[in-house]
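Please look at the sequence and the structure shown here, and keep both in view while you read.

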Amino acid sequence: MSDAVQPNVAEVRAAAEAVKTALDRHLEAIESRSGEDDPAIYTAFDALAAAAEAYDELLYEAYDEVTPFEVPSGDNLPEYAGPEDPAAISVLIRRDYTVAEPQRLFAQAERVAGADDETAGASVNTAVGVLFGEYEPDEIAQRHKEFGLEEGDSTLWVSAVAEAAEPGEWLGAPFDQADPQLVICRFDVSAVFDDELDALDPDR
């Protein structure tokens, strides 16, 4: 975990209460909608997304635990043009990190590699190769602070495909065939959502 001051129990509980309040307001906005594109629903949605993300971060910092909450994207994709019942699907994931604490990254790589490998912490590239060779990407996402990494944006696309690819078919260029019109669902996590909420409510 990070060496920074950890949130206390009261802060985590306050964040949890904020999620509950945001859930209630989101439901109230839906129940009292004034039309199909009621702006109150979008505002309540954004507030709920921000509250869930804040709670998730505090929960991780305090207890090394995470929630299943993810923020769906807005209208950034074209209308879906794929089959209603695709024969196969493809999951595309991108996660960005900043190397915030290189020495912590090097130390973790050296610990994983063991005393016999003196090159594990020789550079960022070497250390990253060691850690991603040892841990699954989801585990690194959950424990990124332990590895000296700071989360950036992340996105997950679930796309329809006509049929499952042959083994090894797309490994040389895994993302070249991504078609936004075949995306069934998409989930984005980004600090830009906080920026948008700040613009709507500078005093929040």
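The model is a predicted one, and its protein chain has six helices and three strands, which follow one another along the sequence in the pattern α-α-β-α-α-α-β-β-α. Of the 204 residues in the protein chain, 26% are buried, while the accessible surface comes to about 13500 Å², with 51% of that area belonging to carbon and sulfur atoms. If we consider the contacts in the protein chain with a separation of 6 or more, 73% of them are accounted for by residues 24 or more positions apart.

Helix 4, which consists of residues 124–134, shows how burial can be arranged around a helix axis, for A127, V130 and L131 are buried there. These residues cover an arc of only 90° around the axis, and therefore they lie on the same side of helix 4. An α-helix has 3.6 residues a turn, so residues three or four places apart point the same way. The cover over the buried residues of helix 4 includes helix 3 (102–113) and helix 5 (137–142), whereas the face turned away from the buried side carries the exposed residues N125 and G133.

Where does T67 lie? T67 is found in the loop between helix 2 (39–63) and strand 1 (88–99), and this residue counts as buried because its relative accessible area is 15%, where the cut-off for buried is under 20%. Apart from neighbours within four places in sequence, T67 is in contact with Y55, D56 and L59, and with D56 there is also a polar contact between the two side chains, at 2.6 Å.

Terms used:
Residues are numbered from 1 along each chain as its sequence is written. This is a predicted model: local features need pLDDT of at least 70, side-chain atom pairs count only at pLDDT 80 or more; totals for chains, interfaces and linings use all residues. Side-chain values use heavy atoms; hydrogens and water are left out. Helices (H or I, at least four residues) and strands (E, at least two) are DSSP runs, numbered from the N terminus. Buried means under 20% relative accessible area, exposed over 50%, partly exposed in between (1.4 Å probe, protein chains only). A polar contact is a pair of N or O atoms within 3.5 Å; within protein, one must be able to donate a hydrogen and the other to accept it, and residues adjacent in sequence count only if both atoms are side-chain atoms. Contact means heavy atoms within 4.5 Å. The arc is that of the directions from the helix axis to the C-beta atoms. Accessible areas come from the Shrake-Rupley method with a 1.4 Å probe; for residues, only the protein chains shown count as cover.
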